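Biologist: Before we discuss this entry, I would like to know what stands behind each label. Please show it and then set the values against the definitions.

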Amino acid sequence: MLRVLPSSRKISKYATGCMPQFLRFASNACSDLVLVKEEHGVREITLNHPKTLNSLSLDMMTALQDALVKDKDNLDLRCVILTAQGKIWSAGHNLKELHNDPKIQACVFQKLTDVINDIQKLPVPVIGKVNGYAAAAGCQLVVSCDMVLCTKNSKFSTPGAGVGVFCSTPGVAVARIMSRPKSAYMLMTGLPVTGDEAYISGMVTKSVPAEELDKEIDEITSAIKAKSRAVISLGKEFFYKQLAMSQAQAFAAAQEKMCENFQLGDTKEGIASFFEKRPPSWKHQ
């Protein structure tokens with residue numbers, strides 16, 4: 001069954017400490033900035049403002065955040081796909097919005113951090129789907145998804161230094177998934193990398209011909225849906241926690257997490273189904 005979910009029509013207060021004058025940027029039609037549909041447990045969120053190259057304005061990021069976290073604890077939700085309309089996946093932040101106001105600048109950068117933190121905290125996998133150009137904060141957003149699939153003709157760049165703004169926040173995301181020389185190349189030259197280069201560099205999960213992108217996405221979402229939501233949620237949460245630990249701390253914490261995992265009802269069902277040579281019947285608990 002296909003469900004079309006409404007996104008926020010009213011701008012929220014963007015970040016703690018934002019002043020009322022920021023509301024001059026608010027739009028009463030934020031629902032148009034992202035398109036959201038949900039079918040068979042897969043929620044697809046589409047950035048939908050090609051006129052501004054899908055720039056990550058406060059309005060856009062607020063609508064995106066609302067779409068990401070809506071009904072996140074509903075057991076029917078199994079994964080989220082983040083994609084975009086047009087040839088530009090996202091050109092990054094809206095420079096008109098950032099120009100000359102330090103308070104708005106702080107709110108914009110904090111809002112994207114909040115969105116990325118929400119992606120990592122979601123109990124289901126988030127898949128970035130790119131068939132176009134993701135630049136600056138747009139690159140930061142997509143590579144912060146749990147997985148990223150792109151077409152071979154897609155491009156990724158962090159070109160901010162060209163207009164006098166070094167891509168420091170995108171650099172945090174890029175440098176954590178690519179080698180130092182490759183991420184430095186992107187940040188210090190602003191030159192783009194192709195889908196295949198992004199794959200070789202570890203930036204994306206897969207790079208495929210454009211005509212195969214939907215098929216690859218379907219294969220991945222089907223594989224996710226075949227698993228217990230509870231098990232995936234437990235594993236995803238720990239996956240991000242252990243990244244900040246030393247190896248010794250991570251192994252110690254992982255041992256405790258494995259023991260916790262074995263207490264789940266779905267784990268007991270999964271093991272029983274293995275021995276009984278039958279498909280598991282997940283209750284997602």
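Modeller: Buried means under 20% relative accessible area, exposed means over 50%, and partly exposed lies in between (1.4 Å probe, protein chains only). Helices (H or I, at least four residues) and strands (E, at least two) are DSSP runs, numbered from the N terminus. This is a predicted model, in which local features need pLDDT of at least 70 and side-chain atom pairs count only at pLDDT 80 or more, while totals for chains, interfaces and linings use all residues. Residues are numbered from 1 along each chain as its sequence is written, and side-chain values use heavy atoms, with hydrogens and water left out.

Biologist: What makes α1 mostly covered?

Modeller: Of the 12 residues in α1, 10 are buried. Among them are L58, D59, Q65 and L68. The buried residues of α1 pack against β2 (34-39), β3 (42-47), β4, α2 (95-98), α3 (102-121) and α4 (137-143).

Biologist: What is in the largest nonpolar core?

Modeller: A nonpolar core is a set of buried Ala, Val, Leu, Ile, Met, Phe, Trp, Tyr and Cys residues joined through side-chain atoms within 4.5 Å. The largest one has 47 residues, and those with the most contacts inside it include I45, L64 and W89. Helix α1 (residues 58-69) gives the most to this core, with seven residues. A second, separate core of 10 residues includes V42 and I217.

Biologist: Why is T83 called buried?

Modeller: T83 has 11% relative accessibility, so T83 counts as buried. T83 lies in strand β4 (residues 79-84). Contact means heavy atoms within 4.5 Å, and T83 touches E44, I45, T46, L47, W89 and K129, not counting residues up to four places away in sequence.

Biologist: What makes the phi of N54 worth a remark?

Modeller: Most residues other than glycine have a negative phi. N54 is not a glycine, yet has a positive phi of about 50°. N54 is in the loop between β3 and α1.

Biologist: Why is A136 called buried?

Modeller: A136 counts as buried because its relative accessibility is 15%. A136 is in the loop between β7 (133-135) and α4.
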